[in-house]
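Please read it alongside the sequence and the model.

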Amino acid sequence: MKRVNIGIAALSVALLTGCAEPAPVNTELGWPSAYAEYIRTEYGEEYFRKDEMPFALIYVDDNTEPELLIDSGTEAGGEYILTYYDGQVVEGHFSRIGSKYIQYGGLIYTDTGHQDYYPVEITELKDGKFTLIASGLKYVSDEDWEKMTTDENYPYTLTYEWKGETVTEEEFNAHVAEYVDEFKLQYAEKYHTYEDMLDILDNWGQ
């Protein structure tokens, strides 16, 4: 499955630069054909399980051309969001499964941690670039973990950090609210199978 190696490379780029590199697709196709070519190039029909629905068209930035959300099928593989800008497909990679976005608001909110470790990232999509604009972290400290495992009455306790500094839960939530209105965040409304997504893209506008 060549998607695995590509995903690792994309994640490395995202971590180092905050935005993804353009994917190598034909720049003359327009977004429906460009997305379809991307899917056919990066995935084979055998990649996804039968009847799995990993694809969704969503609107993240403020134009009328949709983004393409791809669920890799595994928590480790995460999710990809493709956008079409200046004749190119640009790929953004997001940790695990379950990022939300503000429709036409240009913001993606990722809070998909597990096992007492919950990084929070806010990514802006603007002019074809995915840029990490804010981040924080919620986690169980070693000290609290030891107390939780030795005292059954010790409450589940998270430590909160924002931009590397320890803050209260209330301060953490206030920092998040400076960037996103969580009531406007949403998941994709409708997902499609591999075959159906290609059929939609191949026949868009007909």
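In strand S8, glutamate 121 is the bridge partner of threonine 110. The model is a predicted one, in which local features need pLDDT of at least 70 and side-chain atom pairs count only at pLDDT 80 or more, while totals for chains, interfaces and linings use all residues. Residues are numbered from 1 along each chain as its sequence is written, and side-chain values use heavy atoms, with hydrogens and water left out. Strands (E, at least two residues) and helices (H or I, at least four) are DSSP runs numbered from the N terminus, and two strands are said to pair if DSSP finds at least two bridges between them.

S7 and S8 (residues 117–126) are antiparallel and pair over 5 bridges; their hairpin has 5 residues between the strands, and glutamine 115 takes a positive phi near 55° there. The hairpin of S6 and S7 has 4 residues between the strands, with tyrosine 104 in the turn showing a positive phi of about 60°. Strand S7 (residues 107–111) is largely enclosed by the rest of the structure, because 4 of its 5 residues are buried, a term that stands for under 20% relative accessible area, with exposed meaning over 50% and partly exposed lying in between (1.4 Å probe, protein chains only).

## The open sheet

These strands belong to an open sheet of 7 strands with antiparallel pairing, in the order S11-S10-S9-S8-S7-S6-S12. Strand S11 (165–167) and strand S12 (185–186) stand at the edges with a single partner strand each, so one side of each is left without a neighbour in the sheet.

## The S4 and S5 hairpin

Strand S4 (residues 79–85) pairs with S5 in the antiparallel sense over 7 bridges, and in this arrangement threonine 83 stands opposite valine 90 of S5. The two strands form a hairpin with 2 residues between them, and aspartate 86 in the turn has a positive phi of about 50°. Strand S5 (residues 88–94) is mostly covered, with 6 of its 7 residues buried.

## Aspartate 144

Aspartate 144 is found in helix H3 (residues 142–150). The residue is buried yet has no salt bridge, and the nearest side chain of opposite charge, that of lysine 147, is 5.0 Å away; a salt bridge would require a side-chain nitrogen of Lys or Arg within 4 Å of a carboxyl oxygen of Asp or Glu. For charge, Lys and Arg count as positive and Asp and Glu as negative, whereas His and the chain ends are not counted.

Leaving aside neighbours within four places in sequence, aspartate 144 is in contact (heavy atoms within 4.5 Å) with Tyr154, Thr157 and Thr159.

## Helix H5 and the whole chain

In helix H5 (residues 194–202), the buried residues include Tyr194, Met197, Leu198 and Leu201. They cover an arc of only 95° around the axis, which puts them on the same side of H5; the arc is that of the directions from the helix axis to the C-beta atoms. Among the elements covering the buried residues of H5 are helix H2 (31–42), strand S2 (55–58) and strand S3 (67–71).

The chain comes to 5 helices and 12 strands, and 43% of its 206 residues count as buried.
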